[in-house]
Amino acid sequence: MDTRKVLIVTPTGSNQVDPDYLESGKRLEKWYSENPSKTIIATGFIASTPQDIPTTLKRDGSDFSAAIMGALFRAGQVTIWTDVDGVYSADPRKGLFWLIEFVC
């Protein structure tokens, strides 16, 4: 999932954003109806503004995006595993990968 098409946030300061849960929820429902799956791999740290301009979730945005997605999926629990051998990469061209488990 390209979260720029699902997560909508409004920048509120130089290092903060407020998620628009209502609009994001609508976009998630649309995305999921077009892409039903038991397993979803989603980008972290990125979203879009209400004007559909790509933006980041600022500092700690990867963990924040996991929490937002957990709320949108109405998960009972979000577990974030970081620094797991074989899951992350030191190559900046490949990015940093996270394992996120939602328990519904």
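Reply: Happy to. At 46% relative accessibility, Asp-52 counts as partly exposed. Please keep in mind that this is a predicted model.

Me: What makes the backbone of Asp-52 worth a look?

Reply: Its phi is positive, at about 60 degrees, although Asp-52 is not a glycine. Arg-74 is another residue to look at: it is not a glycine, yet has a positive phi of about 55 degrees. You will find Arg-74 in the loop between helix 2 and strand 5 (77-81).

Me: Is Arg-74 buried or exposed, and how do you know?

Reply: The cut-off for exposed is over 50%. Arg-74 has 71% relative accessibility, so it counts as exposed.

Me: How do you know that Arg-27 forms a salt bridge with Asp-52?

Reply: The term asks for a side-chain nitrogen of Lys or Arg within 4 Å of a carboxyl oxygen of Asp or Glu. For Arg-27 and Asp-52, the closest N and O atoms are 2.9 Å apart, and the pair forms a salt bridge. Arg-27 lies in helix 1 and Asp-52 in the loop between strand 3 (46-48) and strand 4 (54-56), so the pair ties together parts that are 25 residues apart in sequence.

Me: Which other residue forms a salt bridge with Arg-27?

Reply: That is Glu-23, again with the closest N and O atoms 2.9 Å apart. Glu-23 and Arg-27 are both in helix 1, four residues apart, which is about one turn of the helix. Glu-23 has a relative accessible area of 26%, so it is partly exposed.

Me: And what links Glu-34 and Lys-30?

Reply: Their side chains meet in a salt bridge, at 3.0 Å from N to O. Being four residues apart in helix 1, Glu-34 and Lys-30 are separated by about one helical turn. Both Glu-34 and Lys-30 are exposed.

Me: Which residues do salt bridges with shared partners join into one network?

Reply: Glu-23, Arg-27 and Asp-52. Across the whole structure, a search finds four salt bridges.

Me: Which residues make the contact, and what classes do they belong to?

Reply: Helix 1 brings Tyr-21, Ser-24, Gly-25 and Leu-28, while helix 2 brings Ile-68, Met-69, Ala-71 and Leu-72. By class, the contact of helix 1 with helix 2 has six nonpolar and two polar residues, and no charged ones.

Me: Is Ser-24 buried or exposed, and how do you know?

Reply: The cut-off for buried is under 20%. Ser-24 has a relative accessible area of 2%, so it is buried. Leaving aside neighbours within four places in sequence, Ser-24 is in contact with Val-6, Leu-7, Ile-8 and Leu-72.

Me: What about Thr-10: where does it lie, and what is it in contact with?

Reply: Thr-10 lies in strand 1 (residues 9-13). Apart from its neighbours within four places in sequence, Thr-10 is in contact with Val-17, Asp-18 and Pro-50. Its relative accessibility is 35%, so Thr-10 counts as partly exposed. Thr-10 and Asp-20 are ten residues apart in sequence and 7.2 Å apart in space, C-alpha to C-alpha.

Me: Finally, what pattern does the chain follow along the sequence?

Reply: The pattern is β-β-α-β-β-α-β-β, with two helices and six strands. Of the 104 residues in the chain, 28% are buried. The chain exposes about 7,000 Å², and carbon and sulfur atoms supply 53% of that.

Notes. Residues are numbered from 1 along each chain as its sequence is written. This is a predicted model: local features need pLDDT of at least 70, side-chain atom pairs count only at pLDDT 80 or more; totals for chains, interfaces and linings use all residues. Side-chain values use heavy atoms; hydrogens and water are left out. Contact means heavy atoms within 4.5 Å. Ala, Val, Leu, Ile, Met, Phe, Trp, Tyr, Cys and Pro count as nonpolar, Asp, Glu, Lys and Arg as charged, and the others, Gly among them, as polar. Buried means under 20% relative accessible area, exposed over 50%, partly exposed in between (1.4 Å probe, protein chains only). Accessible areas come from the Shrake-Rupley method with a 1.4 Å probe; for residues, only the protein chains shown count as cover.
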